[in-house]
Amino acid sequence: MLSAEQVAENLAAVRDRVDEAARSAGRRPVDVRIIGVTKTHPPELARAAIAAGLPDLAENRVQEWRAKAPLVPEARWHLIGQLQRNKVRDVVGRHVLVHAADRRSLVDALSARAQLLGVLQRVLVQVNVGDDPAKGGCAVNETLDLVAYARGRAHLAVEGLMTMPPMPPPGHDPVAAARPYFATMRALRDEAQSRFPEVVHLSMGMSGDLEAAVEQGATMVRIGTALFGPRGQGPWSPSQEER
Ligand SMILES: *Cc1c(COP(=O)(O)O)cnc(C)c1O
């Protein structure tokens, strides 16, 4: 496990990469938010990120988030993984942003829960930009319809789009491989935003390809490995600590 100092150093290095990519694209560095992806990592590392100035953290599994969140009280949680409808009740109202709205049935479940709690849940529509069977997300050509559908729910605020491009083929530069997918996402966001002005965010870019994402207009990058080191074997759980 990394030390808190290493996490702080890594955060400074990631911030430099983001800032540099923003400046070379003629963008303002403050317009790109870093989200720390803490999956598989213990709560200590999540707290180290917050202490270093990174309150926006993300998990991709609801079960792991449930175990970890009480131990990281100051985090602003984002949900970035595929979400099953039966997990919606744990998520709504407890995540600042759900990056995973990818089908009407899930949108219905999210809005029903938000209505029950009397909250406005912020969401991003997830797009499977590379048509990758291993990934969640709606098809590119369904995106505008799903955005329109979700923003029609009174208790949801659709603030943008999220994607995860396919893994680059072995030996290929991840930045170059991801660039055309991110460009497609930017065009999709621009089209959605021209109809629905509140659709502003683009959640895209990870440790290996953030430069391409920022160049293509990402407003949120989701960074795990570059901040917290290699991932553990599986989800973190409290029982792991006792071993
Ligand atoms: C794990 C994960 C990330 C972070 O990936 P790294 O390559 O470790 O930065 C980003 N987005 C999603 C959806 C993830 O599941």
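**H6 and H7**

H6 passes H7 in a right-handed crossing. I noted Thr143, Leu144 and Ala148 on the H6 side of the contact, and Leu188, Glu191, Ala192 and Arg195 on the H7 side. Contact here means heavy atoms within 4.5 Å. Axes are lines fitted to C-alpha atoms, for helices over the stretch in contact, and angles run from 0 to 180 degrees between N-to-C directions. The classes are: under 35 degrees roughly parallel, over 145 roughly antiparallel, 65 to 115 roughly perpendicular, the rest oblique.

Ground rules, for my own record. Residues are numbered from 1 along each chain as its sequence is written, and side-chain values use heavy atoms, leaving out hydrogens and water. The model is predicted, so local features need pLDDT of at least 70 and side-chain atom pairs count only at pLDDT 80 or more, while totals for chains, interfaces and linings use all residues. Helices (H or I, at least four residues) and strands (E, at least two) are DSSP runs, numbered from the N terminus.

**H5 and H6**

Next I checked the other side of the pair list. H5 (residues 104-117) packs on H6 at an angle of about 20°, with axes 10 Å apart. That makes H5 roughly parallel to H6. H5 passes H6 in a right-handed crossing. Arg104, Val107 and Asp108 of H5 meet Asp145, Leu146, Tyr149 and Ala150 of H6.

I then followed the strands. Strand E3 (residues 76-79) pairs with E4 in the parallel sense over two bridges. Pairing requires that DSSP finds at least two bridges between the strands. His78 stands opposite Leu97 in E4. E4 and strand E5 (residues 121-127) also pair in the parallel sense, over two bridges. There Val98 stands opposite Val123 in E5.

E5 and strand E6 (residues 156-163) pair in the parallel sense over seven bridges. Gln121 stands opposite Leu156 in E6. The chain runs from E5 through H6 to E6 in a right-handed β-α-β crossover. E4, H5 and E5 make a right-handed β-α-β unit. Right-handed means that, with the strands pointing away from the viewer, the path from the first strand over the helix to the second runs clockwise.

How many residues of E4 are buried? Five of the five in E4 (residues 97-101) are buried. Buried means under 20% relative accessible area, exposed over 50%, partly exposed in between (1.4 Å probe, protein chains only). Six of the seven residues of E5 are buried, so E5 is largely enclosed by the rest of the structure.

**Two single residues**

I looked up Gly36, which lies in strand E1 (residues 33-37). Gly36 counts as buried because its relative accessibility is 0%. Leaving aside residues up to four places away in sequence, Gly36 touches Leu54, Asp56, Leu57, Ala58, Ile223, Leu227 and Phe228. Val62 is 26 residues from Gly36 along the chain, and their C-alpha atoms are separated by 16 Å.

Is Ala8 buried, partly exposed or exposed? Ala8 is partly exposed, at a relative accessible area of 32%. Ala8 lies in helix H1 (residues 4-24). Ala8 and Arg94 are 86 residues apart in sequence and 26 Å apart in space, C-alpha to C-alpha.

Methods. Left-handed = near helix turned anticlockwise from the far one by under 90°.
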